[in-house]
Amino acid sequence: MSSDIPTPQQRSAWAALQAHQKAIAPLHLRKLFADDPQRGERLALDAVGIYFDYSKNRISDETMSLLVQLAEQSGLRERIDAMFRGEKINVSEERAVLHIALRAPKGSTIVVDGENVIPGVHAVLDKMSDFANRVRSGAWKGHTGKRIRNVINIGIGGSDLGPVMAYEALRYYSARDMTFRFVSNVDGTDFAEAVHDLDAAETLFIVSSKTFTTLETMTNAHSARDWSVAGLGGDAASVAKHFVAVSTNADEVRKFGIDVANMFGFWDWVGGRYSMDSAIGLSTMLAIGPENFHDMLAGFHAMDEHFRTAQFSRNLPVLMGLLAVWYNDFFGAQTVAVLPYEQYLKRFPAYLQQLTMESNGKHVTLDGAPVTADTGPIYWGEPGTNGQHSFYQLIHQGTRLIPCDFIAFGQPLNPLGVHHDLLLANVFAQGEALAFGKSPDEVKAEGSPDWLVPHRTFEGNRPSNTMLLERLTPAALGKLVALYEHSVLTQGAIWHIDSFDQWGVELGKVLATRIIPELGGRESKLAHDSSTNNLILRYRNLRRAS
């Protein structure tokens, strides 16, 4: 599938875009809007419950036509179809990429290695729903007969970032008589603070690790086991009532003391960063309930179908992905700011960091050749309006071009006076200010002295997308996550890379395993570089002094 796809620079649309960029770069958004009074209505797409305004980008109709041609020449359609057919498009690991199967309705058919995977997906969802209902109703009791009131998810990477983001995003819908916490960092402080004020008799741990051998997760899991057993009178049998597993390794789960009947499985065709709607989302389902969880899945699926069927010029994830490529590769923009004007989405940018950068932070193509274009822009951000009083200064008047994604909702979940009007006024004002800025003449007309004019001038011409949804619901969250998931695939197809492996996380983990036994030793002969050797020796001294 990959060998007959040319490198980006070998495609005619790429060369045409390079020439086109030189022509459009000097144009200001002020002129683009002045020349096209209907631009704001015309360069917008209303689909799947998301109003996507991309008019404040440094683009013309020709730009978008060329970008769509680039997508077509890059084999994007073939790659989308191959993913939905269950083909092994994760070439370096020889795996299918089927997070889309996690939210496919019952009765669907997606075949991997001759087996329809959908019945298995729904069997796990049904098992999760039954368990969630028992815990939420109080039917599931802890070892002493007390009801479970605290749930702690132990994972790392996709086993943590997705669940914690979803919990924060959907806290409005969560069971308020329960406490949910998340432990991922191997730093002992993370675990110590998570259990600090909890009663072991009322606490359930979800240990999320596909292999049940992940170093950070299992270190925290064993500390949790020790804490729980100690709090329950030292009875190791209590583990069965206070721990469940999200894993595929029944032997290790059983060895830990967890009843394998309380093990929730998933599959190797689900990457960690794409797994929040699998059994990895068990904590999410416990928090918001099975019905809301299924509403979230329906939102995911609605975006999946849009991505699969809509023509590229009217396809939300494709447009978002192509615009990201436009700025990354033709304007040299190295980052994308994601700016949700919704406090519940405060962890959404952090979640997207793994989704986007672990996916597309690659240096070789599908064929193993060096990439010939910049890949994987840096995604970052904070919720508005907090960011306006910190890093927006750099976006408005700094020397770097930083495309922005604004996300907002028409209806607040917590109506409070004029708060929401003020919030949305800031969304619209920031997009306007970034696009149009303030010229020196406008600053002078306000009465500023000449010496102050340069300081108060805003260049403008800073691009942004604005996404406006009706309300932050579980379905809306599913749509937003799937939107960015498929934007990632779009970008990866343009760059001809594997967006679904993550070998870059391995080397540091391997070296850490080698260093761990050396930290407690006393031998002076170490085989690392001089810096690492010296740091290990320095740490040993600090450790002994404590």
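This is a predicted model: local features need pLDDT of at least 70, side-chain atom pairs count only at pLDDT 80 or more; totals for chains, interfaces and linings use all residues.
## About the model

Local features here need pLDDT of at least 70, side-chain atom pairs count only at pLDDT 80 or more, and totals for chains, interfaces and linings use all residues. Residues are numbered from 1 along each chain as its sequence is written, and side-chain values use heavy atoms, with hydrogens and water left out.

## Rings that pair

Rings of Phe, Tyr and Trp (its six-membered ring) pair if their centres lie within 6.5 Å; planes under 30 degrees apart count as stacked, over 60 as edge-to-face and the rest as tilted. By this rule there are 22 aromatic pairs. Take Phe131 and Trp140: their ring centres are 5.0 Å apart and their planes meet at 80°, so this pair is edge-to-face. Both Phe131 and Trp140 are buried (under 20% relative accessible area, with exposed over 50% and partly exposed in between, using a 1.4 Å probe and protein chains only).

Tyr167 and Phe182 make a tilted pair, with 5.7 Å from centre to centre and 45° between the planes. This pair links distant parts of the chain, 15 residues apart: Tyr167 belongs to helix α7 (residues 158-169) and Phe182 to strand β6 (residues 179-183). Helices (H or I, at least four residues) and strands (E, at least two) are DSSP runs, numbered from the N terminus. Tyr167 counts as buried because its relative accessibility is 8%, and Phe182 counts as buried at 15%.

## A cluster and a charge

Ring pairs also join Phe191, Phe205, Phe212, Trp227, Phe243 and Phe256 into a cluster. Over the ring of Phe256 sits the charged end of Arg225, 5.8 Å from the ring centre (the rule asks for NZ of Lys or CZ of Arg within 6 Å of the ring centre and within 35 degrees of the ring normal).
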